[in-house]
Amino acid sequence: QEKDKEEDESKEEDSCSQQNRAPRKKNYQRSDEKKAEEEGGQQRDKKAPTKEQKESENKERKTNKKEKEGENKQKQDRKNSTSASSNSSDEESLSEEELEMLMEEVEQKKKLISTMRNKPWRMVKKLSVLREAQAFVEKFEGALGKGKGKKLYAYKMMMAKKWVKFKRDFDNFKTQCIPWEMKIKEVESHFGSSVASYFIFLRWMYGVNLVLFGLIFGLVIIPEVLMGMPYGSMPRKTVPRAEQATAMDFSVLWDFEGYIKYSALFYGYYNNQRTIGWLKYRLPMAYFMVGISVFGYSLMVVIRSMARNANESTADGDDDNFIFSWKMFTSWDYLIGNPETADNKFASITTSFKESIVDEQESNKDENIHLRRFLRVLANVLIICCLCGSGYLIYFVVKRSQTFSKMQNVGWYERNEVEIVMSLLGMFCPPLFETIAALENYHPRIGLKWQLGRIFALFLGNLYTFLLALMDDVNEKLAEEDVVKNITRWTLLGHHNSSVENGSIATPPPLDPADVPRGPCWETTVGIEFVRLTVSDILVTFITILVGDFIRACFVRFVNYCWCWDLEAGFPSYAEFDISGNVLGLVFNQGMIWMGSFYAPGLVGINVLRLLTSMYFQCWAVMSSNVPHARVFKASKSNNFYMGLLLLILFLSLLPVAYTIMSLPPSFDCGPFSGKKRMYEVIQETIELDFPLFVAKIFSYVANPGLIIPAILLMVLAIYYLNAVSEAYQRANAELKKKMQMQREEEKNKRNNKASTNPMLEDLEDLLTPSTKSESQPKQAEVKKTESSNRSSPVGKQGKAAAAGGSPMSGGRGAAFAPPPHVFVTQPPTLGVRAPYLGQPRPRGFPPGLVPGRGRGRPFYPHYAS
Amino acid sequence: MGNKQTIFTQAQLDAYQDCTFFTRKEILRLFDRYRDLAPQLVPLDYTGKPAVTLPYELIGSMPELKDNPFRQRIAEVFSENGDGNMTLDDFLDMFSVLSEMAPRDLKAYYAFKIYDFNNDDYICKSDLEKTVNKLTRNELTAEEVNLVCDKVIYEADVDNDGKLSLEDFQHMIIRAPDFLSPCRSSPFSDTVSSRGAHLQDWANRSSKKCGAFLMCFLNL
C-alpha cells in the first residue's frame, strides 16, 4: 500500500489509480450510500448551471467548472468501470478526509460570498457566482453537519447573519446620531471639504462645551439653586438698595447688572458656607474643583485629539515622491456636485499645477533676492506697528473706561467702548494684514500660516492688554475693598450697638441685607467683563455675517440689473467664506470662555447657545450668500495647526486664572471663598476637617517643596528622555525612508522585477489569463479522493499541507495533465524553486501578465532538470 | 411587507445586498433614483429581470456626475459593453464602488480603469495628457502638459517601461495622504461619515437634487 501511495503521488494517477480505485470504492459504497446519493444528486444539479454559464471568463468560475467537469468525467469513468453495479450511480465516498475537504471548500465559498462585494467584477458575474456559491454552501452544509452538529451550525450561521445585520443597523443608527451630519455634508458638497472642516471644528467645540456646561451646571449652579440660601437672604444675594429701582430695567440687565449680577450666574452670589442642604454638599469645594476640572478636561481633550491627528498624519506617509502624480490622480474632489464649485476646482487645480511647475523650474534660480527681502522686512515692520497700535488702543480704551465707570450718567457708547473697539479691530485688522502680506510674495501656503499667526498675535495682544487693564482694575478694587471692609464693620457695629459686640461678619445681621454696605467684589466684575465681551463678540459676528455676507449678496444680486458694471464679477462680488478668520474667532472665543468660566459659571451656558445658533446661522449664511473659494484652502494639512492654537490659548487662559487663584485674596463679602486668605485654602480646609488626620499629614508632606521640586525635575527628565526616544525613532524612520527611496531607484534601474503579490493585481491577472495555480487545486482534490480509501487522514493532511506549501513535489503531483511529470520528479526539490533565478533572469518570454513566481504548478523549465 | 417590495423578489434583494455595500432600503432608493432618470423606460417590476439600459446621456446628467470631468469614463468603465449605457446592475455596481464603504483596493482598481482611457491596461502618456486636460479644462499649454506627464511617469513608474501599470498606480495612490481620507475620518472628530445620512438626503429632496452624495472617491 505504501508503494501504491508513492505511485499515486509521483506518477500519473489518472490511468493507474482509476483501475485500483474501483474495487476499493465498493467497500465504502454501502456505508455512505445515502450521503453519496445526496451528493450525487447535488452534483447532477450542478451540472446544469455549469453548462449554462460556459461563457463566463473569470477564474473563479472557471475553476469551479473545471472542477465539476473533472469530477463528472471521473464519475463517468467510474461508472464505466463499475458498470455492473450501475444502479448505485454514485460511488462517492465520504470519508473523514473528504468531509474535511468539503468543509474547507464550504468555508472558502462562504468567504467568497462575504467578500463578493469587494471583487472587481460585473454585477452579472457577481450574481451568478454568488448564486452558485450559495447553492453549494446550502447543499453541503446540509450534508456536512449531521444531527445536532448541523442544527448547531445552522444556529450559528443564523446568529452570525443576525449579528451582521445588527452591526449594520447599529452603524446606521450611530451615524444618524451624529448631529448636523447632513448639514455639514451639504455644505461640503457645495464648498468642498475645507469649509466643511470649519463646521466640523464648530461641532467638536460644541461637544466640548456641552461637557463643560454639564459639569458646571450639574455640580455648581443647580446645587446652589436647589439647596443654597434663597435670593434676598443675605447681602451678597441681594440687589443693593441704591440699585433696586432700576434693577429690572432692560438697559441695566443688558449690561449684566441688576438682578443678573446678583444671580447664580456669577461668582459673587455664592455663599461661603462649607456645606449646604440636607446632602451636606460642599459647595465651595465643588466650585473650586469644577473650576479646575474645566481646565483639566479641556486640556485632556485637546491634547488627545491633537495626538490622534498627529497619528493620522504620520500614518500616511508624507514623502514628496509623488507630487505630480497625486495632483493628477487625487486632486479632483469627487464630492463636488455644484457647477460653480466645479469651476473653482478646475481653476484651483490648474493653478496648483502651474504652481508646481513653477516650483519645479525655479527651485534653484532665485533672482532679486534683495528686493524681496526688503519687502518682507518692511511688511513685518508694518504689521508689528499695527499690532502695537492696536494694543495701545485697547489699553487706552480700557483705561478710559475705568474713568467712565466712576462717572455717573455715561452714555451707551462710553459704557461699551472697549467691546466696540476690540470688535472693530478684529474686523479691520485681518484684511489690512492680508493687504500688507501681498508685499511679501510668499508661497500661498506659507503666506496663509503667516496670516494666521499674525491674526493670532493680534487677538492675543488684544486679549492680554485687556487682561492687564482688568488686572489694574482688580488691584484698584482690592484697595477699595479694605476701606469698604472697615465701613461695613462699623456699620454693623453701629447697628448692633445694643447687642453683644463681637463684630464678626459671619453673624447674620438683622439689618436688611440690601442696606449693608458691601465691597466691589472684583471677581464678579471680572466675570461680567468676560460675559459682556462674549456677548458683544457674538453680536458682532452675527451682524458681520448678516451685513457683510447676506446684505452684500442681496445687493449684488438684485442691484446688478441696473448698475453700470457687472457687480457679480466685478468689484463687490459675493463674499467668500473666511475659514481662517472664523476658526480663529472660534478659538479666541473659547479662550475667553475658559478664562471667564471661573468667575461667571453661566458663561458656558451662553457659549453653548452661541455655538448652537452659530451652527445653524452660519450654515444658512454659507449656503445662501457665499461663493466657494477661488483658491481651495487645504484644511486637512492645518488641523493640528488650529489645535495647536487652541492649546496655546488654553494655556494662556489658564495663566491668569491660576494667578488669581493662587495670589489674589478673594473678596471678603462675596463668593464661595470669602473670608479666606486665598482661594485654594478651601482644599486645605476640606482636608483638615473632613479627612482623617494622617491624610492631612500626608498631604502636608506631599505639598512640601522638597518633594514637589524633585517631582517636577523627574517629569522634566522623563519628557527629555521621551523626546530623545521619539527623535531617535524619527531618525530611524527617515533612514528607512531613504533606504526605500534608494531601493526604488535601484528597482527603477533594474527594470526586471515585477513579482509583486498584490491581491488586487492577482485579480486583474486572473481576469486576463486563467491561472494555473487554482486550477491544480481541484485536481489535487481528485487525487485525494482516490487515495482516501487506503490512507489515514493525517497523511492526507500532510500531503495537503505540502500542496499548500507549494513545494515542487506536490506541485508536480497537482499538475496532473502536465506533459512530462517524470522529469519533474527526478529533479532535486530546491531546483524547481530556484530555477527562475538561476542564470538568465528571463529564459523565455512569459505570456503577458503571468509573473514568474506564480507558475509553480507547472514545470516550466524541463531542460534544467535533465 | 411594503408595496415597494414587489419591485424585486426577496432573493434578488438578498443577492444585491451581498454583491454591493448597500442595505435593502438603499438598494430600493437607488432603484428609485435609477427609475427617476427615465420613468417611461424602467418598469416597476424587476422580478423578471427586464433587459433595460439607460443611455449615457441620462446617466451623465445625474447631479452626482454632471460636474465630474471623468463622468464619461466612469459610465464607460461601469457599463457592461463599455459604451456608457447602463443597466440597473451596472448602476448599482457603480454606486457600490463609489460609495464610502468600498475598500481602498477596489477604488484604486476602478480608478485605474477610469484613468486608462484607451483600455490597454496601462496608463500611458496619452492617457495622462487626457487626464490633465480634463482636470484643467485645457488651460495648460502643450509644454506644460508634457512636463507634467513626464514628471508623473518619472515619479510613479517603478518598472521604467514608460507607462504606469496597475501595480505602479496602486503603489502610488495608496500612499496619497488625501486619498479617501475625507470619507474615512473627519479632521477634528472621529465620526464615520454616514451613508445613512446621504441616502436620507436623497429621499428628502428627490425634487431638488443637488450635491454629489456618495461620490466619496478619490478626494482632493
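Modeller: Tyr198(A) is buried, with 2% relative accessible area. Keep in mind that this is a predicted model. The ring partner of Tyr198(A) is Phe577(A), and the two make a tilted aromatic pair, with 5.3 Å from centre to centre and 55 degrees between the planes. Phe577(A) is buried too, at 4% relative accessibility. What does the pair tie together? Tyr198(A) belongs to helix H8 of chain A, while Phe577(A) sits in the loop between strand E1 (575-576) and helix H19 (579-596), so the contact joins parts that are 379 residues apart in sequence.

For contrast, take a pair in chain B. Phe78(B) and Tyr110(B) have ring centres 4.7 Å apart and planes at 20 degrees, so this pair is stacked. It also bridges distant parts of its chain: Phe78(B) is in helix H4 (residues 71-78) and Tyr110(B) in helix H6 (residues 104-115), 32 residues apart. Phe78(B) is buried at 0% relative accessibility, and Tyr110(B) is buried at 3%. Across all chains, the count comes to 42 aromatic pairs. Aromatic rings also gather into a cluster in chain A, made up of Tyr267(A), Tyr269(A), Tyr270(A), Tyr287(A), Phe288(A), Trp522(A), Phe598(A), Tyr599(A) and Phe673(A).

The UniProt record (an unreviewed entry) places transmembrane regions on chain A, among them residues 204-226, 377-398, 418-439 and 641-662. Two of those spans can be checked against the model. Residues 377-398 of chain A are 100% helix, with the end C-alpha atoms 32 Å apart. Residues 418-439 of chain A also come out as 100% helix, again with 32 Å between the end C-alpha atoms.

Zooming out, chain A has 31 helices and two strands. Of its 866 residues, 45% count as buried. Among the contacts in chain A with a separation of 6 or more, 77% are between residues 24 or more positions apart. The accessible surface of chain A is about 45,500 Å², with carbon and sulfur atoms accounting for 63% of it.

Chain B is built from eleven helices and zero strands. Of its 220 residues, 60% are buried, and residues 24 or more positions apart make up 58% of its contacts with a separation of 6 or more. It exposes about 8,000 Å², 50% of which comes from carbon and sulfur atoms.

Now look again at H4(B), the helix that carries Phe78(B). Which of its residues are buried? They are Arg73(B), Ile74(B), Ala75(B), Val77(B) and Phe78(B). The cover over them includes helix H3 (56-60), helix H5 (88-98) and H6 of chain B.

In chain A, the charged end of Lys109(A) sits over the ring of Phe136(A), 5.2 Å from its centre. In chain B, Lys163(B) lies over the face of Tyr122(B), 4.4 Å from the ring centre.

Finally, two backbone spots to look at. Most residues other than glycine have a negative phi. Phe256(A) has a positive phi, near 60 degrees. It is in the loop between helix H9 (250-254) and helix H10 (258-261) of chain A, and it is buried, with a relative accessible area of 11%. Asp121(B) has a positive phi as well, about 65 degrees, although it is not a glycine. Its place is the loop between H6 and helix H7 (125-136) of chain B.

Note on methods: Residues are numbered from 1 along each chain as its sequence is written. Chains are lettered from A and ligands numbered from 1 in the order in which they are written. This is a predicted model: local features need pLDDT of at least 70, side-chain atom pairs count only at pLDDT 80 or more; totals for chains, interfaces and linings use all residues. Side-chain values use heavy atoms; hydrogens and water are left out. UniProt positions are given in the numbering used here, feature names are shortened, and annotations may be inferred rather than shown by experiment. Helices (H or I, at least four residues) and strands (E, at least two) are DSSP runs, numbered from the N terminus. Rings of Phe, Tyr and Trp (its six-membered ring) pair if their centres lie within 6.5 Å; planes under 30 degrees apart count as stacked, over 60 as edge-to-face and the rest as tilted. Buried means under 20% relative accessible area, exposed over 50%, partly exposed in between (1.4 Å probe, protein chains only). A charge sits over a ring if NZ of Lys or CZ of Arg is within 6 Å of the ring centre and within 35 degrees of the ring normal. Contact means heavy atoms within 4.5 Å. Accessible areas come from the Shrake-Rupley method with a 1.4 Å probe; for residues, only the protein chains shown count as cover.
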